[in-house]
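I opened a new notebook page for this chain. My plan was to look things up one by one and write down what I found.

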Amino acid sequence: MENTDPGYHQFLEGWSQIMIIASIISVAVALVVLIIHFIKLSAIKSYKGKYDYLKLNRIKAYQLFYFSLAVAIFFYGNTIGDATVGKSMVFIFVRLFISMCVGTLIGYIIYLVLKFYYPTSLERKLTTLRYTPRLSKAGNEMKLLSEEEEDVHLDEGMQAEENVFSVDYDVWVDEETGEVQIEKYLGYLEALECGSCGFRTLKLEKEEVLKAATEETEGKLLKNYKCTYCQSVRTTQHTIAKILKSENDYKLPTDYVLKGQRKVKSIMVEIISTKGDKKEFFFQSTKQASDFLENFDFDETDSTELKF
Ligand SMILES: [Zn+2]
(Lines give C-alpha, C1' and ligand atoms only; values in the text may rest on other atoms or scores of the structure.)
Protein backbone atom coordinates (compact mmCIF):
# COMPACT_ATOMS: atom_id res chain seq x y z
CA MET A 1 0.00 0.00 0.00
CA GLU A 2 1.97 2.98 -1.32
CA ASN A 3 1.20 6.40 0.16
CA THR A 4 1.03 8.68 -2.88
CA ASP A 5 -0.29 11.78 -1.12
CA PRO A 6 2.08 14.60 -2.21
CA GLY A 7 1.28 16.46 1.03
CA TYR A 8 2.68 13.54 3.05
CA HIS A 9 5.91 13.47 1.03
CA GLN A 10 6.31 17.20 1.47
CA PHE A 11 5.79 16.76 5.20
CA LEU A 12 8.43 14.01 5.26
CA GLU A 13 10.95 16.26 3.56
CA GLY A 14 10.32 19.05 6.07
CA TRP A 15 10.49 16.58 8.92
CA SER A 16 13.87 15.29 7.69
CA GLN A 17 15.25 18.80 7.49
CA ILE A 18 14.12 19.65 11.01
CA MET A 19 15.64 16.42 12.34
CA ILE A 20 18.99 17.09 10.60
CA ILE A 21 19.10 20.64 12.02
CA ALA A 22 18.18 19.38 15.52
CA SER A 23 20.88 16.72 15.21
CA ILE A 24 23.51 19.31 14.19
CA ILE A 25 22.47 21.58 17.10
CA SER A 26 22.81 18.66 19.54
CA VAL A 27 26.32 17.85 18.28
CA ALA A 28 27.21 21.54 18.56
CA VAL A 29 25.92 21.65 22.17
CA ALA A 30 27.99 18.56 22.97
CA LEU A 31 31.14 20.13 21.55
CA VAL A 32 30.55 23.48 23.28
CA VAL A 33 30.10 21.70 26.64
CA LEU A 34 33.38 19.84 26.16
CA ILE A 35 35.30 22.88 24.89
CA ILE A 36 34.11 25.09 27.77
CA HIS A 37 35.09 22.37 30.22
CA PHE A 38 38.64 22.17 28.86
CA ILE A 39 39.07 25.94 28.53
CA LYS A 40 38.01 26.43 32.15
CA LEU A 41 40.33 23.64 33.25
CA SER A 42 43.33 25.07 31.42
CA ALA A 43 42.62 28.55 32.83
CA ILE A 44 43.19 27.20 36.35
CA LYS A 45 46.84 27.51 37.24
CA SER A 46 47.21 25.65 40.55
CA TYR A 47 47.17 21.89 40.89
CA LYS A 48 44.77 22.17 43.81
CA GLY A 49 42.44 24.35 41.72
CA LYS A 50 42.52 21.81 38.89
CA TYR A 51 41.89 19.02 41.38
CA ASP A 52 38.79 20.72 42.79
CA TYR A 53 37.50 21.63 39.36
CA LEU A 54 37.89 18.10 37.96
CA LYS A 55 36.43 16.54 41.08
CA LEU A 56 33.29 18.64 40.83
CA ASN A 57 32.83 18.99 37.09
CA ARG A 58 34.55 16.31 35.03
CA ILE A 59 31.86 13.62 35.25
CA LYS A 60 29.05 16.15 34.85
CA ALA A 61 30.69 17.61 31.74
CA TYR A 62 31.19 14.16 30.20
CA GLN A 63 27.62 13.18 31.04
CA LEU A 64 26.28 16.28 29.33
CA PHE A 65 28.57 15.72 26.34
CA TYR A 66 27.51 12.12 25.77
CA PHE A 67 23.87 12.83 26.57
CA SER A 68 23.84 15.50 23.84
CA LEU A 69 25.44 13.02 21.43
CA ALA A 70 22.77 10.43 22.28
CA VAL A 71 20.10 13.05 21.57
CA ALA A 72 21.82 13.84 18.25
CA ILE A 73 21.70 10.13 17.35
CA PHE A 74 17.99 10.09 18.19
CA PHE A 75 17.32 13.04 15.86
CA TYR A 76 19.51 11.64 13.10
CA GLY A 77 17.80 8.25 13.39
CA ASN A 78 14.57 9.95 12.37
CA THR A 79 15.98 10.74 8.92
CA ILE A 80 17.05 7.19 8.05
CA GLY A 81 15.05 5.05 5.61
CA ASP A 82 12.87 7.70 3.99
CA ALA A 83 12.06 5.27 1.16
CA THR A 84 10.37 2.86 3.58
CA VAL A 85 8.72 5.59 5.64
CA GLY A 86 7.40 7.11 2.42
CA LYS A 87 5.27 4.02 1.90
CA SER A 88 3.11 4.45 4.98
CA MET A 89 2.71 6.90 7.82
CA VAL A 90 2.90 4.03 10.34
CA PHE A 91 6.64 3.76 9.68
CA ILE A 92 7.24 7.28 10.89
CA PHE A 93 6.13 6.14 14.37
CA VAL A 94 8.06 2.89 14.11
CA ARG A 95 11.18 4.90 13.25
CA LEU A 96 10.53 7.37 16.07
CA PHE A 97 10.26 4.49 18.51
CA ILE A 98 13.42 2.71 17.29
CA SER A 99 15.42 5.97 17.38
CA MET A 100 14.24 6.58 20.92
CA CYS A 101 15.27 3.08 22.00
CA VAL A 102 18.71 3.35 20.40
CA GLY A 103 19.27 6.84 21.88
CA THR A 104 18.17 5.71 25.35
CA LEU A 105 20.30 2.57 25.18
CA ILE A 106 23.42 4.51 24.21
CA GLY A 107 22.68 7.14 26.88
CA TYR A 108 22.21 4.44 29.52
CA ILE A 109 25.42 2.58 28.62
CA ILE A 110 27.37 5.85 28.87
CA TYR A 111 25.73 6.63 32.19
CA LEU A 112 26.86 3.25 33.55
CA VAL A 113 30.40 3.64 32.23
CA LEU A 114 30.74 7.13 33.74
CA LYS A 115 29.27 6.03 37.03
CA PHE A 116 31.17 2.80 37.60
CA TYR A 117 34.22 2.52 35.33
CA TYR A 118 35.34 6.08 34.77
CA PRO A 119 35.81 7.14 38.45
CA THR A 120 38.84 4.82 38.74
CA SER A 121 40.74 6.59 35.99
CA LEU A 122 39.57 10.02 37.20
CA GLU A 123 40.81 9.17 40.68
CA ARG A 124 44.22 8.28 39.24
CA LYS A 125 44.39 11.67 37.54
CA LEU A 126 43.33 13.42 40.75
CA THR A 127 45.98 11.58 42.78
CA THR A 128 48.65 12.77 40.35
CA LEU A 129 47.40 16.36 40.68
CA ARG A 130 47.32 16.15 44.45
CA TYR A 131 50.87 14.85 44.88
CA THR A 132 52.73 16.74 42.16
CA PRO A 133 55.29 18.92 44.00
CA ARG A 134 54.11 22.51 44.37
CA LEU A 135 56.36 25.42 43.55
CA SER A 136 56.88 28.13 46.14
CA LYS A 137 56.84 31.85 45.36
CA ALA A 138 60.63 31.68 45.22
CA GLY A 139 60.33 28.98 42.57
CA ASN A 140 61.59 26.12 44.73
CA GLU A 141 60.04 22.68 44.71
CA MET A 142 58.11 22.31 47.95
CA LYS A 143 58.06 19.25 50.19
CA LEU A 144 54.86 17.53 51.30
CA LEU A 145 54.97 16.91 55.04
CA SER A 146 53.97 13.61 56.59
CA GLU A 147 50.92 13.36 58.85
CA GLU A 148 53.11 13.71 61.97
CA GLU A 149 55.18 16.58 60.64
CA GLU A 150 52.21 18.54 59.42
CA ASP A 151 50.56 18.85 62.84
CA VAL A 152 53.04 21.60 63.71
CA HIS A 153 51.54 23.73 60.99
CA LEU A 154 47.88 22.99 61.56
CA ASP A 155 46.00 24.82 64.28
CA GLU A 156 43.96 22.89 66.84
CA GLY A 157 40.74 23.28 64.90
CA MET A 158 42.30 21.88 61.76
CA GLN A 159 43.80 18.95 63.68
CA ALA A 160 40.45 18.15 65.27
CA GLU A 161 38.85 18.30 61.86
CA GLU A 162 41.44 15.87 60.52
CA ASN A 163 40.86 13.51 63.43
CA VAL A 164 37.11 13.43 63.43
CA PHE A 165 35.78 14.42 60.06
CA SER A 166 36.80 13.19 56.68
CA VAL A 167 39.01 16.15 56.02
CA ASP A 168 42.60 15.92 54.97
CA TYR A 169 45.08 18.75 55.10
CA ASP A 170 48.17 18.64 52.91
CA VAL A 171 50.97 20.85 54.13
CA TRP A 172 53.63 21.87 51.59
CA VAL A 173 56.78 23.56 52.82
CA ASP A 174 59.57 25.37 51.01
CA GLU A 175 62.54 24.26 53.08
CA GLU A 176 64.64 27.22 51.98
CA THR A 177 62.28 30.13 52.55
CA GLY A 178 59.91 28.54 55.07
CA GLU A 179 56.86 29.29 52.96
CA VAL A 180 53.91 27.09 53.88
CA GLN A 181 50.96 26.18 51.68
CA ILE A 182 48.04 24.37 53.27
CA GLU A 183 45.48 22.60 51.09
CA LYS A 184 42.20 21.15 52.30
CA TYR A 185 40.72 17.98 50.86
CA LEU A 186 37.28 16.67 51.67
CA GLY A 187 37.53 12.95 52.28
CA TYR A 188 33.84 12.19 51.97
CA LEU A 189 33.95 13.15 48.32
CA GLU A 190 36.61 10.55 47.71
CA ALA A 191 35.34 7.14 46.70
CA LEU A 192 37.25 4.07 47.81
CA GLU A 193 37.63 0.72 46.15
CA CYS A 194 34.84 -1.64 47.17
CA GLY A 195 36.04 -4.96 48.58
CA SER A 196 33.04 -6.80 47.16
CA CYS A 197 32.75 -5.63 43.58
CA GLY A 198 36.12 -4.00 43.01
CA PHE A 199 34.76 -0.73 41.63
CA ARG A 200 35.87 2.55 43.10
CA THR A 201 32.35 3.28 44.29
CA LEU A 202 32.58 2.87 48.06
CA LYS A 203 31.49 6.13 49.63
CA LEU A 204 31.36 7.42 53.16
CA GLU A 205 27.75 7.67 54.23
CA LYS A 206 27.85 8.59 57.89
CA GLU A 207 30.27 9.27 60.70
CA GLU A 208 29.33 8.61 64.31
CA VAL A 209 31.31 9.67 67.33
CA LEU A 210 30.80 6.75 69.74
CA LYS A 211 32.87 8.32 72.45
CA ALA A 212 34.25 11.82 72.43
CA ALA A 213 37.95 12.26 73.21
CA THR A 214 38.91 13.96 76.44
CA GLU A 215 42.24 15.13 77.81
CA GLU A 216 42.66 11.77 79.57
CA THR A 217 41.13 9.23 77.19
CA GLU A 218 40.97 8.58 73.49
CA GLY A 219 37.66 8.69 71.67
CA LYS A 220 36.04 6.30 69.24
CA LEU A 221 34.66 7.05 65.81
CA LEU A 222 32.67 4.84 63.44
CA LYS A 223 32.68 5.40 59.71
CA ASN A 224 29.92 3.80 57.67
CA TYR A 225 30.58 3.21 54.00
CA LYS A 226 28.21 2.04 51.32
CA CYS A 227 28.96 0.93 47.77
CA THR A 228 26.81 2.73 45.21
CA TYR A 229 27.27 -0.18 42.80
CA CYS A 230 26.72 -3.40 44.73
CA GLN A 231 25.16 -1.79 47.83
CA SER A 232 27.46 -3.62 50.21
CA VAL A 233 28.23 -1.80 53.45
CA ARG A 234 31.43 -1.50 55.46
CA THR A 235 32.03 -0.06 58.89
CA THR A 236 35.42 0.94 60.20
CA GLN A 237 36.36 2.04 63.69
CA HIS A 238 38.83 4.83 64.32
CA THR A 239 40.53 6.22 67.37
CA ILE A 240 40.24 9.91 68.08
CA ALA A 241 43.43 11.24 69.59
CA LYS A 242 43.39 12.67 73.12
CA ILE A 243 42.83 16.39 73.35
CA LEU A 244 46.23 17.91 73.94
CA LYS A 245 46.44 20.28 76.86
CA SER A 246 48.77 22.99 75.72
CA GLU A 247 50.48 25.71 77.72
CA ASN A 248 49.58 28.35 75.22
CA ASP A 249 45.97 28.17 74.19
CA TYR A 250 46.73 29.57 70.82
CA LYS A 251 49.94 30.08 69.00
CA LEU A 252 50.56 31.52 65.58
CA PRO A 253 53.02 29.42 63.63
CA THR A 254 56.26 31.43 63.52
CA ASP A 255 57.05 30.59 59.93
CA TYR A 256 53.57 31.13 58.64
CA VAL A 257 53.56 33.38 55.60
CA LEU A 258 50.33 35.30 55.18
CA LYS A 259 49.01 35.59 51.67
CA GLY A 260 50.11 39.01 50.44
CA GLN A 261 52.22 39.55 53.58
CA ARG A 262 53.59 42.81 52.24
CA LYS A 263 50.09 44.24 52.18
CA VAL A 264 49.56 43.52 55.88
CA LYS A 265 49.59 46.79 57.80
CA SER A 266 48.90 45.53 61.27
CA ILE A 267 47.68 42.52 63.18
CA MET A 268 45.24 42.82 66.03
CA VAL A 269 45.03 40.19 68.74
CA GLU A 270 41.99 40.34 70.95
CA ILE A 271 42.15 38.30 74.13
CA ILE A 272 39.02 37.76 76.19
CA SER A 273 39.24 36.30 79.69
CA THR A 274 36.71 33.98 81.26
CA LYS A 275 35.48 36.96 83.31
CA GLY A 276 34.77 38.83 80.13
CA ASP A 277 37.72 41.24 80.28
CA LYS A 278 38.94 42.18 76.87
CA LYS A 279 42.41 43.18 75.80
CA GLU A 280 43.56 44.30 72.41
CA PHE A 281 47.08 44.26 71.03
CA PHE A 282 48.46 45.50 67.76
CA PHE A 283 51.48 44.19 65.88
CA GLN A 284 53.21 44.86 62.63
CA SER A 285 54.04 41.25 61.75
CA THR A 286 52.99 37.71 62.54
CA LYS A 287 56.46 37.16 64.04
CA GLN A 288 55.92 39.95 66.61
CA ALA A 289 52.44 38.68 67.39
CA SER A 290 53.72 35.15 67.84
CA ASP A 291 56.59 36.19 70.13
CA PHE A 292 54.15 38.20 72.19
CA LEU A 293 51.64 35.34 72.54
CA GLU A 294 54.36 32.97 73.67
CA ASN A 295 55.10 35.15 76.69
CA PHE A 296 51.57 36.31 77.32
CA ASP A 297 50.14 36.24 80.84
CA PHE A 298 46.70 37.74 81.27
CA ASP A 299 47.16 39.01 84.82
CA GLU A 300 50.55 40.58 84.22
CA THR A 301 49.46 42.83 81.38
CA ASP A 302 48.01 46.07 82.69
CA SER A 303 47.65 48.29 79.68
CA THR A 304 44.63 47.48 77.58
CA GLU A 305 46.38 48.54 74.45
CA LEU A 306 49.95 47.78 73.65
CA LYS A 307 51.61 49.04 70.53
CA PHE A 308 54.94 47.93 69.15
ZN1 LIG B 1 30.68 -2.76 45.54
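**Entry 1: buried or exposed**

I began with a definition: a residue is buried if 20 or more other C-beta atoms lie within 10 Å of its own, exposed if 12 or fewer, and partly exposed in between, with C-beta atoms placed from the backbone. I also noted that helices (H or I, at least four residues) and strands (E, at least two) are DSSP runs, numbered from the N terminus. How many of the six residues of strand 7 are buried? I found zero for residues 267–272, so strand 7 lies largely in the open. Then I looked at the whole chain. Of its 308 residues, 11% count as buried.

**Entry 2: what kind of model**

I wrote down that this is a predicted model, where local features need pLDDT of at least 70, side-chain atom pairs count only at pLDDT 80 or more, and totals for chains, interfaces and linings use all residues. Residues are numbered from 1 along each chain as its sequence is written. The score pLDDT is the predictor's confidence in each residue, from 0 to 100. The chain averages 80, and 81% of the residues score at least 70.

Where is confidence lowest, and where is it highest? I found the lowest in strand 9 (residues 305–307), with a mean of 40. The highest is in helix 1 (residues 6–43), at 94.

Two residues are in contact if their C-beta atoms, placed from the backbone, lie within 7 Å. Residues 247–257 stay under 50 in pLDDT, and the model gives them 19 contacts beyond four places in sequence. Residues 302–308 are also below 50, with eight contacts beyond near neighbours in sequence.

**Entry 3: overall count**

I counted up the secondary structure. The chain has seven helices and nine strands. Among contacts with a separation of 6 or more, 58% join residues 24 or more positions apart.

**Entry 4: helix 1**

I picked L41, which lies in helix 1. L41 is partly exposed, because 15 other C-beta atoms are within 10 Å. Leaving aside neighbours within four places in sequence, L41 is in contact with K50, Y53 and L54. I also checked L41 against R58, 17 residues away along the chain; their C-alpha atoms are separated by 9.5 Å.

**Entry 5: helix 4**

Helix 4 (residues 90–131) has 42 residues and should span 62 Å; its end C-alpha atoms are 60 Å apart, which agrees. I then found a kink of about 55 degrees at Y118, shortly before the proline P119. The bend at a residue is the angle between axes fitted to the seven residues ending there and the seven starting there.

S121 is in helix 4 too. Is S121 buried or exposed? S121 counts as exposed, because I found 10 C-beta neighbours inside 10 Å. R200 is 79 residues from S121 along the chain, and their C-alpha atoms are separated by 9.5 Å.

**Entry 6: sheet 1-2-3**

Two strands pair if DSSP finds at least two bridges between them. Strands in the order 1-2-3 form an open sheet with antiparallel pairing. Strand 1 (143–144) and strand 3 (180–186) stand at the edges with a single partner strand each, so one side of each has no neighbour in the sheet.

Seven bridges join strand 2 (residues 167–173) to strand 3. I noted V173 opposite V180, and D170 opposite E183. Strand 2 and strand 3 form a hairpin with six residues between them. In its turn, G178 has a positive phi of about 80 degrees.

**Entry 7: sheet 4-5-6**

I found another open sheet of three strands, in the order 4-5-6, also with antiparallel pairing. Its edges are strand 4 (202–211) and strand 6 (233–240). Eight bridges join strand 5 (residues 219–227) to strand 6. Y225 stands opposite R234.

Q231 is in the loop between strand 5 and strand 6. Its phi is near 65 degrees, a positive value in a residue other than glycine. Most residues other than glycine have a negative phi. Q231 is exposed, with 11 other C-beta atoms within 10 Å.

**Entry 8: back to strand 7**

Which strand does strand 7 pair with? Six bridges join strand 7 to strand 8 (residues 278–283), and the two run antiparallel. I noted K279 in strand 8 as the bridge partner of I271.

Note on methods
The expected span of a helix is 1.5 Å times one less than its number of residues.
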